[in-house]
Amino acid sequence: TSSDLQSILQFTVDLAHSAGKIILDGSVAIQNAGSNVDEKKNSVDLVTEYDVKVEELVKKEIAAKYPAFKFIGEESYAAGSRSPLTDDPTFCVDPIDGTTNFVHGFPWVCISLGLIYKRRPVLGVIFNPFLNFLYTGIKNQGSYLSQNGGPPLKLPLAKSPKPLATLNHAQIAVEWGSDRSLSSLTKRSGSFHRLAGDPSSGVVKGRMVHSIRSLGSSALNFAMVAQGGLDIYWEIGCWAWDVCAGSLIAQEAGCTVSGSHAVFEATKSTPEFGQMTEEILTGRKYIVIRAIGDTELEK
Ligand code: IPD
C-alpha cells in the first residue's frame, strides 16, 4: 500500500545515508593510501572493497528489516548469487554506481536502491553523498530531489518544462561503458557521430546537438534527466541495478524510459521493464531515456 511504500522509502533513505558515509570514508582512504581496485570482466570494469562493503551492509539491513524481500545486487551477482526475478518484492541495488569515478576521486558517484514489486520498479532512491543530492520516487507519487538536506523539491525542477523545439537543442548523456569490443564501440561511436556531427559538413552528417556528456554514472544520468539538466540519456549495456531506481524516478518526473531507438541503431521494440530487467540480467540491452515532449527522436 501507499503507506507501506512511504515507510519503506524512509528506511531506504536512511540506508542510503549510512552507505553514503562508507562511500565518503572510502573515498578519503582511496585518495590518501590507494585501495585494492580489482578488475571484473576486463581492465575497465572496476570494483573496490567499498563496493562490496556497502553491498554487504545494505543486504544485511534489508534482510533484517524485510526478511521476505528478495535481493539483486551488483556485487552479489558478480560473486555468483543470481536469484531470478519473481513477483516478490525485490531490492535491486548498485552499491556504488560510478565506481570508476570513485576510484579516480571524481565526485559523481551514488548509491542506487530500487524496489521491484510484481516485476515493476515501485520505489527508487539515488544518493550522491559527495554533493549531498538525494533523489527519491514512489510509483504514482512523483519523484523528488533534496539538496544538502533541504526540503524535497518535486521533479522536474522546472514548473512547466518546455518540450525541445528540436533535438539540436538537446544536452545528451552517453556512456562508453566497459564493453570495448569493436562491435560495441562501432555502434556507440556511430551514434555519437550522428548526434554530434554537423549536418552541413561533408564528413559526418549528424544532428549537432548542443552537447554530449559522459559523466560515468548511469543512475545519476537518469536522475539528471528527471531533474531537467539532461534531455536524453542513451547507453548500450546497462544492468538492472544501473537502471531500476533511475527508471522509476525518471518516469515519475514525466520522462519516457525506453529500450530502443532507430536513430541509435537499436531494435525497434520497447520492452516493458520486467522483460527488460530479465534481459539485462541475462545479457545486455539498449537503454534509452528521453525527455518528455521530444518527438524528433522518433523520426
Ligand atoms: C557503471 C556506470 C557507467 C555505465 C555502466 C555501469 P558501475 O556502473 O553506471 O556509467 O556506463 O554501464 O555499469 O560499474 O560504476 O556500478
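Predicted model: local features only at pLDDT ≥ 70, side-chain atom pairs only at ≥ 80, totals over all residues.
Helix 5 spans residues 182-196 and has 15 residues. From first to last C-alpha it reaches 20 Å, close to the 21 Å expected at 1.5 Å a residue. Its buried residues are Arg-188, Ser-191, Phe-192 and Leu-195. Seen down the axis of helix 5, these residues fall within an arc of 100 degrees, so they line one face of the helix. The packing partners of the buried residues are strand 10 (171-174), strand 11 (211-213) and strand 12 (232-236).

Seven strands form an open sheet in the order 3-4-5-6-7-8-9. Pairing in this sheet is mixed. Strand 3 (70-73) and strand 9 (153-154) are the edge strands, and each pairs on one side only. Strand 5 (residues 110-117) pairs with strand 6 (residues 120-128) in the antiparallel sense, over seven bridges. Leu-113 has Val-125 of strand 6 as its bridge partner.

Two helices pack on the sheet. Helix 6 (residues 218-227) touches strand 4 (90-97), strand 5, strand 6, strand 7 (133-138) and strand 8 (143-147). The direction of helix 6 makes about 100 degrees with that of strand 6. Helix 7 (residues 240-252) also packs on the sheet, touching strand 3, strand 4, strand 5, strand 6, strand 7 and strand 8. The direction of helix 7 makes about 100 degrees with that of strand 6.

Note on methods:
Residues numbered from 1 in each chain as written. Helix = DSSP H or I, 4+ residues; strand = E, 2+ residues; numbered from the N terminus. Expected span 1.5 Å × (residues − 1). Buried ≥ 20, exposed ≤ 12 C-beta atoms within 10 Å, placed from the backbone. Arc of directions from axis to C-beta. Contact = placed C-beta atoms within 7 Å. Pairing = 2+ DSSP bridges. Axes fitted to C-alpha atoms, helices over the stretch in contact; angles between N-to-C directions.
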